[in-house]
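Subject: Structure handover

Hello,

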Amino acid sequence: MKPIHTFVAIPSLPAPLKRLRELAFNLRWAWNHETIELFRRLDIDLWEEVGHNPVLMLGTIDQEKLEYLADDEGFLAQLGRVVEEFDRYQAGESSWFQRACGGRETPSIAYFSAEFGLTECLSIFAGGLGVLAGDHLKSASDLGVPLVGVGLLYQQGYFRQLLNEAGWQQEVYENNDFHNLPLTLEKKPDGTPLIVTVPHPDRQVSAQVWRAQVGRVVLYLLDTNLPYNRPEDRDITDQLYGGDRELRIKQEIVLGIGGYRALEALGIEPTVFHMNEGHAAFLVFEVVRRLMERRKLSFAEAREAAVPSLVFTSHTAVPAGHDFFPAELMDRYFADYARMFGLSQQDLLALGRKDPLNASEDFCMTVLALRFAAYSNGVSALHGEVTRDMWRDLWPNLPEKEIPISHVTNGVHFQSWISMEMKELYDRYLGPRWREEPADHEVWERVHRIAPEELWRTHELRRERLVAFSRRRLRGQLKRRGASRAVLELADEVLDSETLTIGFARRFATYKRANLLFRDPERLARILNDSMRPVQIIITGKAHPRDDPGKEIVRQIVNLARQEPFRRRLVFLEDYDMAVARYLVQGADIWLNTPLRLREACGTSGMKATANGVLNLSILDGWWDEAYQPELGWSIGRRETYADQSYQDQVEAEALYNLLEQEVIPRFYDRGSDGLPRRWIETVKASSQYLCHVFNTHRMVSEYTERAYLPATEHYRQLSANGVTRAKALAAWRDRIEAAWSTVKVEVENGRPANEVRVGETFQVRARLCLGMLEPQDVVVELYLGRIGAAGEVEDAEVIPMQLDKTSGDGFSYKTKPLTCRRSGLHGYTVRVRPHHPDLANPFIPGWITWASG
């Protein structure tokens, strides 16, 4: 039955408790232990029952309990302290951004992401990408960076995982009740909801805008579940990563185009748009369209004006993880944009193709983002290399190391992931700066001051809590499946609070190889059940609903855990979420990561473990490839790769078992007379000292700010000033370059150095250019000099500018400064010419580079 009227009921809080509502609606509580403890004090059982959702808790708690607490001096004193700290934080009187960036033009940054993992009660994320985005917002808030987030508000979010009796994953979708979440509906001055529309074939789809307050940062979320939308349009924001490719393109139109329009409706004018993965790349089209409308520009001019404001981060090392749409879908949804841009449909499609001339190639969101963004990056040093290799075809003839895709290694927001007990320990020994300035290496050098017995006892307490949590969780799983009383009682006997505990929590994508540890069950059983040095494993994770191979891995592990050799030593926790993750990264002893190398873009769970005193045992991939040192943890293998994956699995499983038997387990159980594993504790301290100051999101966000946000803002404002004069001039220059580039020729002149040059001798290289209709100021000429590798290619090249020497009727002569031969061996060089303009956001224009012939 449809209602004739709706209204929102809000909690009735006694006057002394009024500010509890403000605290509940600001997600800062998700990373503030004192605020969480305040809500737990209201009713600890209810806190767990409502899924750690203080808004729902305030609307559910018994009114008599609230009246009682309103007269409780102890509770009111605690509330006063929390509110005082909250007010001081929100005021932000002296932030990192103010101190580090004062005097420079203040940017306005819009951070677009398809998912945000802020807390478990707000189910709008699936995994690492969303959690990283959530941590990005939290650190931006802590640092005072002027940033807003833009995403989608999913009615059902990501699925809950249930396992049937056979161990097969089943997906359950539960509706989010937005009015009982820390969300506020954005409204216009007349009190009606703020609505934006986005184009779809033959219609406009409406979306309302919700606001989540994340400390000092705002996250805007779009919701299409409106009664005047078509049923299929109401479902656009139904599920995260659900449906087919058409649903995906609809979602990404709402995210990119709708997100831009929402900001515009709110009066927010970003100077920087950060696309966190390619899902939001359609915002590029809307940025260009609005520049064309507002500034009366051509497509080419608007493109030049837009490019400096665009930042793109790729998180995907697997080709299948990038979004591709067939031409038919693009034609259906973007024909109007092509007309507005004055482009043919093929020209529009070329913007998202590696090969613009290949009419059979699908449109790729990552390609669109890479073609437009002034700054692009991967999320670890190794992932930067993988990404440059993956997309090298966009820059033909450009050496891979120069492809303009950098890297900013991911991090984690420590206060969201560090346990209360570890926080208190750090507060005592490191002082408050570990929270305020976690990227300062001097702070973490104080880790060695922590008394070994305190550090170990703190960690033992967290292991005890992990074991207790796992037993409760397992018992609940069994009860839901109708297990007998005898089986339920056995759940209380699994695991042991003093046993070496291995944690593994991942998406169950096959490349993550959750089953590598179980490749030899008999050997693993012997390891786990050693009477003197036992080991136990707690594992959790979800497979994508359409990933049957991933589900099969889940099934195999679940069934293995039911067998007698493993029943007490192996537990699979279903329905992996942020709460489960926190228990694991805070209480395990070893954090295991076993992806196929070059497939893990970064992997941040190991960073969370490190900050909690947990040691990493991992393949050298993602972040661990740049973090690993022998004294900080363990590496599985030495960066080897094999053509035969089965053989690689065998080799690396063998290496993993050997490490456990010969190094990890002995070190954990090597105890002194005081019962402390002192070598283990020293490794924990070293790991914290050398890794924590690097692998945190405060460092990451400050790096984005200094390397991308501030330069982008400055460049964008320069090109947009004075009627967009410089952007117009740049577009005209580009047209001229494009028309004439095919006539550009370069060749090395006679007078080359002798076939043998002594170390210490000098030489010069000369080149002759034919520029056609271009002028020397339009180009840069460079010597590309280096040693010759085994494949006959120039390696470890040095790029040396060449100077104009003289002009003649048929061309231009260039030369290098005198060069000194510094080392022996076989060397070689060539010469190249590329377009140059002082306002180019990126020095390398795809396809426009000419190398010397002959």
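**The E3–E4 hairpin**

In the hairpin formed by E3 and E4, 5 residues lie between the strands, and Gly-167 among the hairpin residues has a positive phi near 85°. Helices (H or I, at least four residues) and strands (E, at least two) are DSSP runs, numbered from the N terminus. Strand E3 (residues 160-163) and strand E4 (residues 169-172) run antiparallel and are joined by 4 bridges; two strands pair if DSSP finds at least two bridges between them. Leu-162 has Gln-170 in E4 as its bridge partner.

In a regular strand the side chains alternate between the two faces of the sheet. Buried means under 20% relative accessible area, exposed over 50%, and partly exposed in between (1.4 Å probe, protein chains only).

**How the model was read**

This is a predicted model, in which local features need pLDDT of at least 70 and side-chain atom pairs count only at pLDDT 80 or more, while totals for chains, interfaces and linings use all residues. Residues are numbered from 1 along each chain as its sequence is written, and side-chain values use heavy atoms, with hydrogens and water left out.

**Salt bridges**

The whole structure holds 67 salt bridges, each a side-chain nitrogen of Lys or Arg within 4 Å of a carboxyl oxygen of Asp or Glu.

Arg-832 is buried, at 1% relative accessible area. One of its partners is Glu-402, at 2.6 Å, N to O. Glu-402 sits in the loop between helix H16 (381-390) and strand E14 (406-407) and Arg-832 in strand E29 (residues 827-835), so this pair ties together parts 430 residues apart in sequence. Glu-402 is buried too, at 18%.

Arg-832 also forms a salt bridge with Glu-782, at 2.8 Å, N to O. Because Glu-782 is in strand E24 (residues 779-788) and Arg-832 in strand E29, the pair ties together parts 50 residues apart in sequence. Glu-782 is buried, at 6% relative accessibility.

Glu-703 and Arg-707 form a salt bridge at 2.4 Å, N to O. Both lie in helix H30 (residues 697-740), 4 residues apart, about one turn of the helix. Arg-707 is partly exposed, at 33% relative accessibility.

**Gly-613**

Gly-613 lies in the loop between helix H26 (605-611) and strand E19 (615-619). Gly-613 counts as buried, at 9% relative accessibility. Leaving out residues up to four places away in sequence, Gly-613 touches Met-422, His-459 and Val-684, where contact means heavy atoms within 4.5 Å.

Regards
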